[in-house]
Amino acid sequence: MNAPEKYSPLVRWPAKVNEIPKEVFFREDVYQLELENIFYGPEWHPVAHTGELPNKGDFKTINVGERPILVVRGDDGDIRTFYNACAHRGNLLETRVSGNAVEFECPYHRWLFDLRGELRGAPGDDDFSPSYRKEDFGLPAIRSAEFMGLIFVTCSDETPELDEYLGRVKDALAITFNGDGRLKLLGYQKVLYDVNWKAYVDNDGYHAPLLHAAFKLLDWQGGKGEQYSTKNGHIGFESELKVPKDTGFLKDPTLLQFKGTASSKGSAIASTFPITVITKHMDMINIRFAFPRGVGQTEVHYGYYCHEDDDDEMVQHRIRQSSNMLGPTGLVSMEDASIFHRIHVGNHTPGNVTFQKGVKHEDRIWYDFKQNDEAGNLPRWEHYRQSLGFNREEA
Ligand code: FES
Ligand SMILES: [Fe+2]
């Protein structure tokens, strides 16, 4: 017998490609399907940049969906990725967000793991089951790959090779990483937004000069630029910013100073499906690692970076600019935050949301957009719909 419609994970998807059903933003059954088919499915998820783990023993924890991940630079210098769960009874192994360790000890029964994830010892092991072998109980590894120092993991064996998976968005990624990916970590800020993860990442090119007073100041809309999407839901922006000549109205005009480098454009954004946003605006290099905390919350870890070749003055400049513009105290991010909760509440109403700006077709998907179009998000929605197996209604 079929379950009643309201408990069914099936969603009727509108015929027009620029309409999205609001129910996907709050239905618990849809969220569970997203975890299975997207977060644990054939997708790559950025979990760290090598610049965050410069020394042996450096580690970082993060989530893919609701699965905890541990990234460690071993005593041999290699970076490895594991599920952050004890190989014994599954206790969450490391609870810190980042740090340096010589080993990882699980507090429950004191099993001890080294920096390569091998089990070194387990109290009372002379009394263990007949089939027990120490070498079978290393930390559970997760498949990983790297692009310009950005480390990705995937829960699936079927995910294509990373190079093919990223496709054209590699261009925007390379710009955000200053052309070579030789980055150093400046610091992190963590935020919990009261919004479904898809509305968080649905932030579009249309809103930038309209919601954001800071971007308006930078003449975002008047700058040259392009936006492109890939079939599997990544989005790239490459834009020039026009920094105003007179910034005397600011107490500290260096906030809007663009020092730049040989490889830099004013602004580049690489948004990889499903949820990671990597940006370079002026001199701020920022990776927003994110994951859902249930259907109604999204946790974002803002990582800020400088380039290995930066002098002290440039490092200070990047810190000043990043902390004033982005993250929980940032002029730009606070404006997004104010919208996130409102959009989450508003989405608990019947019907569909619509996309309009830059919509050239309503019956098919395309991949090239203007920088301030919202339609650039539509290929991502199409990939989402297909990943979850929702059928589009007949036109
Ligand atoms: S669960 Fe970790 S040592 Fe038992
Ligand atoms: Fe925004």
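This is a predicted model: local features need pLDDT of at least 70, side-chain atom pairs count only at pLDDT 80 or more; totals for chains, interfaces and linings use all residues.
Reader: At what distances is the iron ion (ligand 2) coordinated?
Author: Asn203 contributes OD1, and His207 and His212 each contribute NE2.

Reader: Are His207 and His212 buried or exposed?
Author: A residue is buried under 20% relative accessible area, exposed over 50% and partly exposed in between, using a 1.4 Å probe and protein chains only. By that division, both His207 and His212 are buried.

Reader: How many disulfides does the count give?
Author: A disulfide is a covalent bond between the sulfur atoms of two cysteines. The rule applied here requires a pair of cysteine sulfur atoms within 2.5 Å. Cys86 is buried because its relative accessible area is 6%, and Cys306 is buried with a value of 2%. The number of disulfides by this rule is 0.

Reader: What distance separates the centres of domain 1 and domain 2?
Author: The protein chain is divided into domain 1 (45-146) and domain 2 (169-383), with bounds that come from an automatic or database domain assignment. Contact (heavy atoms within 4.5 Å) links 14 residues of domain 1 with 18 residues of domain 2. Taken over C-alpha atoms, the separation of the two centres is 32 Å.

Reader: Which strands stand at the edges of the open sheet of 4 strands?
Author: Strands (E, at least two residues) and helices (H or I, at least four) are DSSP runs numbered from the N terminus, and two strands pair if DSSP finds at least two bridges between them. The order is S5-S4-S3-S6, with antiparallel pairing. The strands that pair on one side only are S5 and S6 (98-100).

Reader: Which residue in the turn between S3 and S4 has a positive phi?
Author: Strand S3 (residues 58-64) and S4 pair in the antiparallel sense over 6 bridges, and Asn63 stands opposite Pro68 in S4. The two strands form a hairpin with 2 residues between them. In its turn, a positive phi of about 60° belongs to Gly65.

Reader: Which residue takes a positive phi in the hairpin of S4 and S5?
Author: S4 pairs with strand S5 (residues 79-83) over 5 bridges in the antiparallel sense, with Val72 opposite Arg80. The hairpin has 5 residues between the strands. The residue with a positive phi, near 90°, is Gly77.

Reader: What is the relative accessible area of Leu70?
Author: Leu70 lies in strand S4, where 5 of the 7 residues are buried. Beyond its neighbours within four places in sequence, Leu70 is in contact with residues including Phe59, Phe82, Leu93, Phe104 and Leu139. The C-alpha atoms of Leu70 and Phe59 are separated by 7.0 Å. Leu70 is buried, with a relative accessible area of 0%.

Reader: Which strands stand at the edges of the open sheet of 8 strands?
Author: The order of this sheet is S12-S18-S17-S16-S15-S14-S13-S20, with antiparallel pairing. Each edge strand has a single partner strand, so one side of each is left without a neighbour in the sheet. These strands are S12 (183-193) and S20 (368-369).

Reader: What angle does the direction of helix H7 make with that of S18?
Author: Helix H7 (residues 312-325) packs on the sheet, touching S12, S16 (276-281), S17 (284-292) and S18 (298-307). Axes are lines fitted to C-alpha atoms, for helices over the stretch in contact, and angles run from 0 to 180 degrees between N-to-C directions. For H7 and S18, the angle is about 160°.

Reader: How many residues of helix H9 are buried?
Author: Helix H9 spans residues 378-388 and is largely enclosed by the rest of the structure. Among its buried residues are Trp381, His383 and Tyr384. Just after H9, Gly389 takes a positive phi of about 70°. Of the 11 residues of H9, the number buried is 10.

Terms used
Residues are numbered from 1 along each chain as its sequence is written. Chains are lettered from A and ligands numbered from 1 in the order in which they are written. Side-chain values use heavy atoms; hydrogens and water are left out. Donors are N, O and S atoms within 2.8 Å of the metal (3.2 Å for Na, K and Ca); water is not among the atoms, so sites may look incomplete.
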